[in-house]
Amino acid sequence: MTITSSQDLLPAELTMGTVMLKVGDMKLMGDYYQRALGLDVVAEQDGGLYFGRLGKPLVHLAPASGLQIPGRGEAGLFHTALLFEDQSSLAATVASAAQYEPHAFVGSADHLVSEAFYFTDPEGNGIELYYDKPREGWEWNGSSVVMDSLPLPPQRYLQQYLSEAAVTGQHEAGAGVGHVHLQVGDVQTAHDFYVDTLGFEQTAGWHGQALFVSAGGYHHHMAMNVWNSRGAGPRKDTLGLGEVVIEVPSGDDVGALADRLKVAGIGSHHTGRELRFEDPWRNRLRVAVRYA
């Protein structure tokens with residue numbers, strides 16, 4: 001039995017930060033994130049645009065013309081999951097996304113801990129729009145959270161929760177990056193990196209095909225699967241996922257992780273307030289102190 005000390009774990013107050021996407025067509029993609037997902041431009045930098053809600057950046061679109069869209073079986077992004085504060089604001093965004101491009105809708109599910117709707121943006125990046133059910137209703141089997149994929153009919157959901165007030169107030173409703181789901185080459189290597197080295201805790205698995213990890217007892221802040229990508233090697237420089245930001249409360253949390261990476265022989269760039277490094281598939285990660 002392995003006993004893990006708190007120094008080996010990421011802090012319970014961890015949250016997911018901005019997801020950066022490398023984009024070929026900024027106009028097309030920007031239009032989608034604004035009009036379909038109801039996000040606002042909250043910042044601009046080096047030709048890139050940050051989209052979010054209430055001034056909080058969620059998705060960073062960075063121009064990368066000349067790069068190719070990655071193949072279906074390559075490692076990289078499975079989806080960015082945007083978390084909504086209530087079912088009405090989720091329904092408003094599901095409705096606007098479905099109206100903007102009906103064919104971009106790829107499914108929905110009741111996961112017991114959450115209600116989720118899945119879309120694909122114009123350059124093939126997966127998007128999950130979801131609402132968390134109250135934590136006191138989540139079931140745990142030891143250290144594993146009980147999740148499933150039960151039917152969640154979209155039309156019935158919209159009939160139940162969509163309101164005129166939610167539609168007109170869409171841009172005033174808060175949202176955040178709840179979790180990020182990656183495609184990887186194999187689950188064991190993902191566990192070795194994300195759990196044993198980084199310090200996430202495993203909250204669920206899926207028949208050796210997927211791994212769900214979190215900090216502080218959340219159902220998952222990150223996930224990795226091999227459903228399309230089993231055996232995938234390191235990523236090429238392509239469109240799609242550019243960087244995942246993970247936010248922690250203090251510089252001490254960043255420093256503790258820097259020490260763990262050094263012991264594991266993983267290269268990183270540490271500035272004090274943030275730490276940049278790559279996972280085994282060259283997915284770029286940045287752990288940074290969260291600004292108040």
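## Leucine 28 and helix 1

Leucine 28 has 39% relative accessibility, so it counts as partly exposed (the class between buried, under 20% relative accessible area, and exposed, over 50%, with a 1.4 Å probe and protein chains only). It sits in helix 1, residues 26–36. Helices here are DSSP runs of H or I with at least four residues, strands are E runs of at least two, and both are numbered from the N terminus. Proline 122 is 94 residues from leucine 28 in sequence, yet their C-alpha atoms are 7.3 Å apart in space.

A word on the model itself: it is predicted, so local features need pLDDT of at least 70, side-chain atom pairs count only at pLDDT 80 or more, and totals for chains, interfaces and linings use all residues. Residue numbers start from 1 along each chain as its sequence is written, and side-chain values use heavy atoms, with hydrogens and water left out.

## The sheet under helix 1

Helix 1 lies across strand 1 (15–23), strand 2, strand 3 (48–53) and strand 4 (56–63), and runs at about 165 degrees to strand 4. Angles run from 0 to 180 degrees between N-to-C directions, with axes fitted to C-alpha atoms, for helices over the stretch in contact.

These strands belong to an open sheet of eight, ordered 2-3-4-1-15-18-17-16 with mixed pairing. Strand 2 (40–45) and strand 16 (269–270) stand at the edges with a single partner strand each, so one side of each has no neighbour in the sheet. Strands pair if DSSP finds at least two bridges between them. Helix 6 (residues 251–263) lies across strand 15 (240–248), strand 16, strand 17 and strand 18, at about 30 degrees to strand 17.

Contact means heavy atoms within 4.5 Å.

Strand 12 runs antiparallel to strand 13 (residues 210–214), with four bridges between them; glutamate 201 has serine 214 in strand 13 as its bridge partner. Strand 14 pairs with strand 13 in the antiparallel sense over four bridges, and with strand 11 in parallel, also over four bridges. Alanine 223 in strand 14 is the bridge partner of phenylalanine 212 and of histidine 181. Side chains of a regular strand alternate between the two faces of the sheet. In strand 14, Met222 and Met224 point one way, Ala223 and Asn225 the other, and all are buried.

## Helix 2 against helix 3

The axes of helix 2 (residues 87–100) and helix 3 (residues 154–161) come within 9 Å and cross at roughly 130 degrees. The two helices are therefore oblique to each other (angles under 35 degrees are roughly parallel, over 145 roughly antiparallel, 65 to 115 roughly perpendicular, and the rest oblique).

From helix 2, Gln87, Ser88, Leu90, Ala91, Val94 and Ala95 meet Tyr157, Leu158 and Tyr161 of helix 3. These contact residues split into seven nonpolar, two polar and no charged (nonpolar: Ala, Val, Leu, Ile, Met, Phe, Trp, Tyr, Cys and Pro; charged: Asp, Glu, Lys and Arg; polar: the others, Gly among them).
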